[in-house]
Amino acid sequence: MEVSASILLERILHDALDQLSTDVHLQVTDGNLHVQFRSSGQLVPFLSLPGHGESLIRRVKALSRMDVSESRIPQDGSFRYESETRVCDVRVASVPTVSGESVVMRLLPLTPPDISFETLGMSAVQSLCVKRMLRQPYGLILTVGPTGAGKTTTMYAMMTQLARWGRRVLSIEDPVESRLPDCQQMEVRERFGVTFDSGLKALLRQDPDVLMIGEVRDATTAHVALRAAISGHLVLTTAHAFDMVGAISRFVEFGIERTVLTDVLKGVIVQHLESKPCTACGGVGCDGCKGSGFERDLAPVFAVHEIDDNLSGLLASSAPIGQIRSQVSAVTLP
Ligand SMILES: [Zn+2]
């Protein structure tokens, strides 16, 4: 069966983005085409087709403004892929190998996949709870966890939700990891004097409803963030801590008064990564999990705390941290 190269490419990119792949590998061996996707770091075969190899590579090269007639030297280029729901920049590199050409397409999506709180790993109850917190007109919402726990993804899901509700969402990040539709994202550029706190001050003059601050690293940023939250903006930020009480202590270290903080705090999302039992064998150990009983990828585990008067009172207490921690754990869900 003859498939046109453009339809084939469309199908490959569509499926690759669906599977959240970061790269697509096209290998031509004696004119035959082999396509692999890299997803979650792993290379997986997508399809093999007899023939088709050269016509597909020509199509990719033409789109990327590479020399279509040249297949003996490495080349690179790029193009933009647009479908009804997706926009993606595709960076292309080709090299000649002894059996045929090899082309790698790096996918850089401009619209993130549709992320809902439940697909991040929250329960239905937690997801509703987060949406209730986001409905607040002003205040502070913290996402807390160790580095690499997926805090940015959670922040992006919240920003996307708020933008969908028609709120004006601005951010200062270091760096911007993914461009979100309908959000105005600014990047820290210390060389040009754009820091978290100077960027934040500039964003406050842009009539925001929602401000996202990638991270609060110093006292100045903490104070500007608090003032913004008190003066009618919803402020989302992260803290490097392991639980809610630890996150509050970080702000106290930056000179923020406990009562000021807890008055304006609307919610805290705590997340960390945990290994999940293998879905194939339920933890007994099988070939799929190489006998470990666990899934290969760690999965985020969430605790979502909506701050009510009771919790706010406990968090504002000047009692020793250990005491606050045990009182808080008695009134919150694990
Ligand atoms: Zn298993």
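1. Helix α8 passes helix α11 in a right-handed crossing (right-handed if the near helix is turned clockwise from the far one by less than a right angle, left-handed if anticlockwise). This is a predicted model, in which local features need pLDDT of at least 70 and side-chain atom pairs count only at pLDDT 80 or more, while totals for chains, interfaces and linings use all residues. Residues are numbered from 1 along each chain as its sequence is written.

2. The axes of α8 (residues 244-253) and α11 (residues 321-331) come within 9 Å and cross at roughly 140°, the axes being lines fitted to C-alpha atoms over the stretch in contact, with angles from 0 to 180 degrees between N-to-C directions. Helices here are DSSP runs of H or I with at least four residues, and strands are E runs of at least two, numbered from the N terminus.

3. In this contact, Met-244, Val-245 and Ser-249 of α8 meet Ile-321, Ile-324, Arg-325 and Val-328 of α11 (C-beta atoms, placed from the backbone, within 7 Å).

4. Within α8, the buried residues are Met-244, Val-245, Ala-247, Ile-248 and Phe-251 (buried meaning 20 or more other C-beta atoms within 10 Å of a residue's own, with C-beta atoms placed from the backbone). They cover an arc of only 160° around the axis, which puts them on the same side of α8; the arc is that of the directions from the helix axis to the C-beta atoms.

5. Just after α8, Gly-255 adopts a positive phi of about 90°.

Technical notes: Contact = placed C-beta atoms within 7 Å. Buried ≥ 20, exposed ≤ 12 C-beta atoms within 10 Å, placed from the backbone.
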